Amino acid sequence: MLSEIITPELFASAVRLATPIALAAIGASICERSGIVNIAMEGLMLVAAFFGVITTLFTGSTWLGVLGAVAGSLVFAALHAWSSINLRSDQVISGTAINILALGVTGFLMETIFGHPGTTDSVDRLDPVFNFPVGGEGPLATIWLWIDTVFLSYTPIVYLGIFFAIFLTWALYRTRWGLRLRALGEHPRAADTVGVSVLRGRWVAVLISGLMAGLAGANLTLEQVGSFTENMTNGRGFIALAANIFGRWIPGGAYLASLLFGFADALQLKLQLFSDVINIPPQFFLMLPYVLTVLVLAGVVGRALAPAALGKPYKVKG
Amino acid sequence: MSDADKRATKADPGSPQPGQADSPEKRFALEQERRQRAIRIATPFISVGIAIVVGSIIMLMAGKDPIAGYSAMFSGAFGGPRQIGETLLRATPLIFTGLAVAYGFRAGLFNIGAEGQLFLGGLAAAFVGLKVAGLPWIVSAPLVIISAAAAGAAWAFGPAIMKAKLGAHEVITTMMFSFIGRYLVSWLVTGPLKSPGLIPQTVQLPPESRLPRVSDVFPFVGANRAHIGIILGIVAAIFIWWVLKYTVMGYEARAVGFNPWASENGGISVSSTIVKSLCISGALAGLAGAVEVMGVHWRLFDQFSSGFGFTGIAVALLAKNNPIGVIAAALLFGALSAGAGTMQLEAGISQKVVFILQGLIIFLVGAETIVTWAISKMSRRGAADAV
């Protein structure tokens with residue numbers, strides 16, 4: 001049975017399932033490094049997933065759908081930025097409001113456009129980037145099958161996730177922008193004193209998290225599922241926040257932590273197929289990612305590592 | 001001394017502060033303070049008003065008639081004894097979840113996972129409710145209620161300990177426990193606790209562990225589904241108000257919520273206050289599950305809560321975490337939810353608009369500055385008109 005469970009497809013599915021969580025976690029790490037808590041990731045992903053499908057249905061192009069997803073997410077991210085940066089409202093409350101608003105807006109538009117709640121019509125999904133031939137006999141063919149499945153079988157946004165994990169980690173630690181961003185989250189007053197615009201820097205960070213959530217939502221609907229279902233994010237935005245903490249507020253770390261969740265999810269899906277052998281109710285498999293999140297959070301002491309000014313509104317002195 | 005008392009003393013012109021009572025600075029400060037207080041009280045009302053206006057714009061953009069929509073909603077919520085009963089029925093769990101979230105907020109904790117504690121409370125109510133069959137109601141009903149509160153508190157205990165000892169953020173942990181609790185209930189009602197038959201639900205509770213309808217106790221109110229849980233909710237709100245204002249535990253919770261560092265230095269154990277407060281919050285959410293199971297469904301099934309835990313967040317924020325205000329806010333959201341069905345049926349507007357209104361209200365109450373800004377704009381215009 002073990003050889004049936006441990007297949008190249010298991011690892012590929014782990015990477016695929018990790019991608020929406022990873023993109024959101026990368027977005028959260030950039031946002032929180034600037035000092036803004038973004039618990040709206042869940043809502044941003046949901047909005048993106050919905051507008052991705054809607055745009056694809058109306059334009060017939062899945063690529064335009066990806067743009068639609070990102071645009072929808074950016075609008076709601078801008079709302080969060082405006083309220084938490086300019087209006088200095090409580091960031092957790094603003095994020096909660098956006099999560100509920102996202103449920104309402106997607107549900108309302110869903111029923112208004114399609115005339116029924118539940119699931120939208122299906123759309124064409126994005127194809128895998130590469131399409132190399134596999135097959136044949138012998139150890140070489142098996143090795144090639146593993147390489148092809150685990151590294152070369154993915155759709156574009158999955159590769160974008162890996163790209164952003166590396167690029168943003170580099171940018172955060174090796175560019176002037178990254179240094180300034182980190183300063184905003186640690187000591188905004190000091191950054192302000194030396195001439196870094198706190199408001200603009202934080203706006204950019206929140207919008208980057210919106211872009212990442214947009215890609216995450218697009219990945220869910222336009223690469224994985226092919227249609228939108230109400231509340232389909234199902235807590236992934238919150239799992240992403242935990243992955244960000246586990247990844248120590250570093251985009252690359254957030255990506256690796258998300259892989260852990262993706263693997264847990266892939267494994268539980270796989271194990272459900274063997275429910276006649278392993279006699280465990282499916283609900284326990286479904287619990288697994290959430291239990292894992294709790295265990296992960298219990299294993300890291302989060303507070304000491306968080307940016308010092310996280311969640312604190314900043315008032316520019318006139 | 002509570003905040004309100006302090007403010008009252010400060011604002012009292014008769015207080016013995018010789019030589020200062022008449023200074024223009026002092027008068028200006030008093031004026032400012034009175035103004036800010038008025039704004040603080042007005043914010044929830046103005047927020048609801050703005051949300052209703054934005055809601056109508058959204059309805060208009062969807063090609064629907066907002067006036068028809070809101071009037072259908074109103075008649076669905078208050079049109080007669082049955083409708084009013086429906087509003088009270090939906091307000092009942094919201095009072096409890098609203099109190100749960102509000103108590104947490106007072107202690108500086110955001111119990112976003114009240115939904116999960118509600119599920120565990122419902123589970124305990126359904127489980128114990130079947131065990132107590134045969135006991136007199138006056139014994140069995142309180143037993144069921146207490147076990148639900150205990151189950152809710154127990155479900156909050158994990159996140160509470162993780163917060164107090166490890167600093168794990170309760171927003172993530174309570175949310176995760178909420179998912180775990182929902183799957184747990186889903187498993188139990190499809191498996192071990194399932195009643196015979198096809199539908200995944202428990203056996204119906206015996207009358208000994210139900211909450212009677214208001215119309216059974218007071219027949220003159222007319223036929224409706226509201227149950228006496230609404231009275232329990234009001235009692236609970238007054239009790240929590242008393243706890244926060246007059247007990248040491250409530251004082252410690254507020255102190256930790258206001259400034260944990262100062263509290264620790266002042267001799268309050270922050271970590272034990274966190275654990276206590278989050279467990280009380282969980283117990284209140286558990287009670288919401290109890291009133292739903294004991295008063296409405298008389299059994300447990302997968303979907304027995306329509307997001308009352310999450311709406312409780314909106315209730316608490318709108319009430320500005322004031323337990324008495326929670327009653328009013330719960331009635332408002334109960335009415336919105338009771339009227340939404342009628343609105344969908346009669347005006348063809350998706351009842352999801354209620355989520356939009358909820359989100360907007362939370363956003364506006366949270367971003368107090370929008371409302372302050374709107375008031376100052378209006379009053380400035382008023383002053384200009386007067387000139």
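How are α7(A) and α10(A) oriented to each other?

Two packed helices are described by the angle between their axes and the distance between the axes. In chain A, helix α7 covers residues 156-174 and helix α10 covers residues 198-225. Their axes come within 10 Å and cross at roughly 155 degrees. Angles over 145 degrees count as roughly antiparallel, and α7(A) and α10(A) are therefore roughly antiparallel to each other. The crossing of these two helices, α7(A) and α10(A), is left-handed.

Which residues make the contact between α7(A) and α10(A)? From α7(A) come A:I157, A:L160 and A:F164. They meet A:M212, A:L215, A:A218, A:N219 and A:E223 of α10(A). Sorted by class, the residues of this contact are six nonpolar, one polar and one charged.

## A second pair in chain A

Now try helix α11 (residues 236-246) and helix α12 (residues 251-272) of chain A, which pack at an angle of about 125 degrees with their axes 7 Å apart. That angle makes α11(A) oblique to α12(A). The crossing in which α11(A) passes α12(A) is right-handed.

On the α11(A) side you can look for A:I239, A:A243, A:N244 and A:F246. Their partners in α12(A) are A:A254, A:A257, A:S258 and A:F261. The residues of this contact comprise six nonpolar, two polar and no charged.

## Where chain B touches chain A

Next, let's turn to the two chains together. In the model, 37 residues of chain B are in contact with 38 residues of chain A. Several helices of chain B each supply at least two residues of the side that touches chain A: α6 (137-166), α7 (170-190), α13 (308-318), α15 (353-366) and α16 (368-386).

Which helix gives the most to this side of chain B? It is α7(B), with 10 residues. By class, the side of chain B that touches chain A has 25 nonpolar residues, 10 polar ones and two charged ones.

## How confident is the prediction?

The model as a whole scores ipTM 0.89 and pTM 0.88. For chain B, the pLDDT averages 88, and 92% of the residues score at least 70. Residues 1-19 of chain B, however, have a pLDDT below 50. Beyond near neighbours in sequence, this stretch has eight contacts in the model. Where pLDDT is low, the predicted coordinates should not be read in detail.

Note on methods: Residues numbered from 1 in each chain as written. Chains lettered and ligands numbered in written order. Predicted model: local features only at pLDDT ≥ 70, side-chain atom pairs only at ≥ 80, totals over all residues. Contact = placed C-beta atoms within 7 Å. Helix = DSSP H or I, 4+ residues; strand = E, 2+ residues; numbered from the N terminus. Nonpolar A, V, L, I, M, F, W, Y, C, P; charged D, E, K, R; others polar. Axes fitted to C-alpha atoms, helices over the stretch in contact; angles between N-to-C directions. Parallel < 35°, antiparallel > 145°, perpendicular 65-115°, else oblique. Left-handed = near helix turned anticlockwise from the far one by under 90°. pLDDT = per-residue confidence, 0-100.
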